[in-house]
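Colleague: I have a model open and I want to learn how to read it. Can you take me through it feature by feature?

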Amino acid sequence: MLTIAPMTPEQAHEFAAIWIPWLEGMGRVVEAEDAAIMADPATYYGASGGEAFLARIGEETVGAVAVKGLGDSGFEFCKLVVTEAARGHGAGRALVQKCLDFAAEQGGPALYLQSFKALDVALGLYERMGFTDAPAPPGMNVLARTQVIMAKAV
């Protein structure tokens, strides 16, 4: 059974262990900000009013995502990844929904994301979930690899 829960500081290595190889496998470079975040995602995202989440099936971590606070603009979900073995089983959708629920519970007016065009399956999921193209909001640190910014009111 799939469960999604806030990540503990002791689980930080699990987030990095699936996210960094995925990013590099996409032909992208781990930027300085990425490396700093992966050292302690729970603290990094928590400091902005956000949260890092892990998806697990039993004891195995199969996905991760984080929500970053953007002040009055709302929230951004970041670093969404699902392991190859878990793809197609609803883990990605469940992680995005967890981010939407978190942003709504915190009173954020919108949830934003950054992505790149090679992730056509993910972009299709975001569109089906109601995300649309949007300009970068105040407070968003747009990464060099970003090609797409989307948002959904919460």
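Modeller: We will go through a helix pair, a pocket, a helix and several single residues. Keep in mind that this is a predicted model.

Colleague: Start with helices. How do I describe a packed pair?

Modeller: Two packed helices are described by the angle between their axes and the distance between the axes. Here, take helix H1, residues 12-25, and helix H2, residues 32-39. Their axes come within 9 Å and cross at roughly 155 degrees.

Colleague: Which way does H1 run relative to H2, roughly parallel or roughly antiparallel?

Modeller: Angles over 145 degrees count as roughly antiparallel. H1 is therefore roughly antiparallel to H2.

Colleague: Which residues make the contact between H1 and H2?

Modeller: H1 brings Ala12, Phe15, Ala16, Trp19, Ile20 and Leu23. H2 brings Asp34, Met38 and Ala39. By class, the contact has 8 nonpolar residues, no polar ones and 1 charged.

Colleague: Why do residues some places apart on a helix point the same way?

Modeller: An α-helix has 3.6 residues a turn, so residues three or four places apart point the same way. You can check the H1 list against that: Ala12, Phe15, Ala16, Trp19, Ile20 and Leu23.

Colleague: Asp34 is in that contact. Is Asp34 buried or exposed?

Modeller: Under 20% relative accessible area counts as buried. Asp34 has 0% relative accessibility, so it is buried. Its place is in helix H2. Leaving out residues up to four places away in sequence, Asp34 touches Trp19, Leu23, Val29, Lys79, Leu143 and Arg145.

Colleague: Lys79 turns up there. Where is Lys79 found?

Modeller: In strand S4. Lys79 is buried too, because its relative accessible area is 11%. Look at its backbone as well. Lys79 has a positive phi of about 60 degrees, although it is not a glycine.

Colleague: Now pockets. How is empty space found?

Modeller: Rolling a probe the size of a water molecule over the atoms shows where empty space is left. In this model, the largest pocket has a volume of about 840 Å³. It is lined by 40 residues. Nearest its centre lie Trp22, Leu80, Leu119, Ala122 and Tyr126.

Colleague: Which element gives the most to the lining of the largest pocket?

Modeller: Strand S4, with 7 residues. Each of H1, H2, helix H3 (41-47), S4 (75-82), helix H4 (91-105), S5 and H5 supplies at least two. By class, the lining has 23 nonpolar, 8 polar and 9 charged residues.

Colleague: Which residues of H5 are buried?

Modeller: Leu123, Gly124, Leu125 and Tyr126 are buried in H5. What covers the buried residues of H5 includes S4, H4, S5 and strand S7 (148-153). Just after H5, Gly130 takes a positive phi of about 100 degrees.

Colleague: What lies between strand S5 and H5?

Modeller: A loop, and Phe116 is found in it. S5 spans 110-115 and H5 spans 120-128. Phe116 counts as buried because its relative accessibility is 4%. Beyond residues up to four places away in sequence, Phe116 touches Trp22, Met26, Arg28, Leu123, Arg145 and Gln147.

Colleague: What does Ser115 touch?

Modeller: Leu123, Arg145, Thr146, Gln147 and Val148, again not counting residues up to four places away in sequence. Ser115 is found in strand S5. At 5% relative accessibility, Ser115 is buried.

Key: Residues numbered from 1 in each chain as written. Predicted model: local features only at pLDDT ≥ 70, side-chain atom pairs only at ≥ 80, totals over all residues. Heavy atoms only, no water. Axes fitted to C-alpha atoms, helices over the stretch in contact; angles between N-to-C directions. Helix = DSSP H or I, 4+ residues; strand = E, 2+ residues; numbered from the N terminus. Parallel < 35°, antiparallel > 145°, perpendicular 65-115°, else oblique. Contact = heavy atoms within 4.5 Å. Nonpolar A, V, L, I, M, F, W, Y, C, P; charged D, E, K, R; others polar. Buried < 20%, exposed > 50% of the residue type's maximum accessible area, 1.4 Å probe, protein only. 1 Å grid on protein atoms, 1.4 Å probe; cavity = no way out; pocket = protein on both sides within 12 Å on 5 of 7 lines; lining within 4 Å. Points joined across faces, edges and corners; volume = space filled by probe spheres on them.
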